[in-house]
Amino acid sequence: MAVAELTSPAASFAHNYNNANRLRSSQLYAPSSSCLSSDHFRSRYRSTVLPRITCSVNQVQNSAPVQVEAPKDKAECYGVFCLTYDLKAEEETKTWKKLINIAVSGAAGMISNHLLFKLASGEVFGPDQPIALRLLGSERSIQALEGVAMELEDSLFPLLREVNIGIDAYEVFQDAEWALLIGAKPRGPGIERADLLDINGQIFAEQGKALNAVASPNVKVMVVGNPCNTNALICLKNAPKIPAKNFHALTRLDENRAKCQLALKAGVFYDKVSNVTIWGNHSTTQVPDFLNAKIDGMPVKEVIKDDKWLEHEFTEKVQKRGGALIQKWGRSSAASTAVSIVDAIKSLVTPTPEGDWFSSGVYTSGNPYGIAEDIVFSMPCRSKGDGDYELVKEIQFDDYLRSRIAKVYAVP
Ligand code: LMR
């Protein structure tokens, strides 16, 4: 058994992170002489003298590190696991898609801790889609963010080709094709999401400007930080170069919660519940639509013949689920939010099943429902799987649904 010598990422972090504004890039590599191995990668060792850790491997003949030039086209590389994807090998196999850049803010937080590993595993963008993660933290969270990057390295995800961390949105959002904006002050017990607007609105204005300046012009933006509808609107208004249609406020969490409650009441498994729209904001004014929703292909109202339950117990449970969770946990939802972000992205990158739709908070201009223009409002969407969507036209309204939707406009 031979021993490969690798420099320590932790030591490298400490060594390099004196200037907190610099973007860090961990280019993971799987050279033949390291404990990671793959034909798709080639080895690079950095010439920087750093402390070393050792790692046992079987296939190594010669443990002497090979000196190669440091990558020039990348942001500063902190690690030792400098793993560079071999584009030549990619050409040969022709099995991988072109790498995509995914930016995540609040990357050291609880939601991201669930989300990042799903993204890196291929569960979201598919098993043939390599990704680069660009992780935005704050000065306060930078140590934790380094820990996140190290755990990502240690997970050996074959699709994760690059991890950059930083605290400057203008650096981290560079060339982002997806921006998942999670970082914001969360609410605690007894606080409404709208109460966070003063503090969080500013964050999303700045991040909108940064996206406008440096992201891919067709970047898809998913706003999760609350109040997410208003934050998404603020963000898009600060990013005039990016199509307003590309901005989403996450209401998929509410859709999932509504599906769960309907399934429980009807005594069926979740997958039997479809066509659930959340109208409005991710707030207690939201309207979970039980008029158009279906259970096993039948209108919900024909399966659950209890209007009182639908209008009150069901509706309120979905509206207040986030607050109820905070009461239990002492902090806001994290795992289920991450799952719903995955669902929301998957709904945009895979074709919507025939006849079904999904909810997303999107820009209302030109909507066919008579909803006020120039706001971000959750509505039923359908996608061809190309990252874009269209609003669903064949929606029924009754007086109850119309009046409940109209009430939402007034409240952010
Ligand atoms: C949720 O709905 O769980 C999140 O938006 C967190 C919150 O503040 O409720």
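The expected span of a helix is 1.5 Å times one less than its number of residues. I keep in mind throughout that this is a predicted model.

Entry on helix 3. I took helix 3, residues 110-121, and checked its length: its 12 residues should span 16 Å at 1.5 Å a residue, and the end C-alpha atoms lie 18 Å apart, which agrees. I then asked which residues of helix 3 are buried, and found Ile-111, Ser-112, Leu-115, Leu-116, Leu-119 and Ala-120. Looking down the axis of helix 3, I see these buried residues fall within an arc of 135 degrees, so they line one face of the helix. When I looked up what covers the buried residues of helix 3, I found several elements, including strand 6 (100-105), strand 7 (131-136), helix 4 (142-154) and helix 12 (335-349). Just after helix 3, I noted that Gly-122 has a positive phi of about 100 degrees.

Entry on strand 17. I found strand 17, residues 358-363, mostly covered, with 6 of its 6 residues buried. Strand 17 runs antiparallel to strand 18 (residues 376-382), and 6 bridges join the two.

Entry on cysteines. Cys-381 is buried, since its relative accessible area of 0% is under the 20% cut-off. I also looked up Cys-235, which counts as buried at 0% relative accessibility. I searched for disulfides as well, and the structure holds 0.

Terms used:
Residues numbered from 1 in each chain as written. Predicted model: local features only at pLDDT ≥ 70, side-chain atom pairs only at ≥ 80, totals over all residues. Heavy atoms only, no water. Helix = DSSP H or I, 4+ residues; strand = E, 2+ residues; numbered from the N terminus. Buried < 20%, exposed > 50% of the residue type's maximum accessible area, 1.4 Å probe, protein only. Arc of directions from axis to C-beta. Contact = heavy atoms within 4.5 Å. Pairing = 2+ DSSP bridges. Disulfide = S-S within 2.5 Å.
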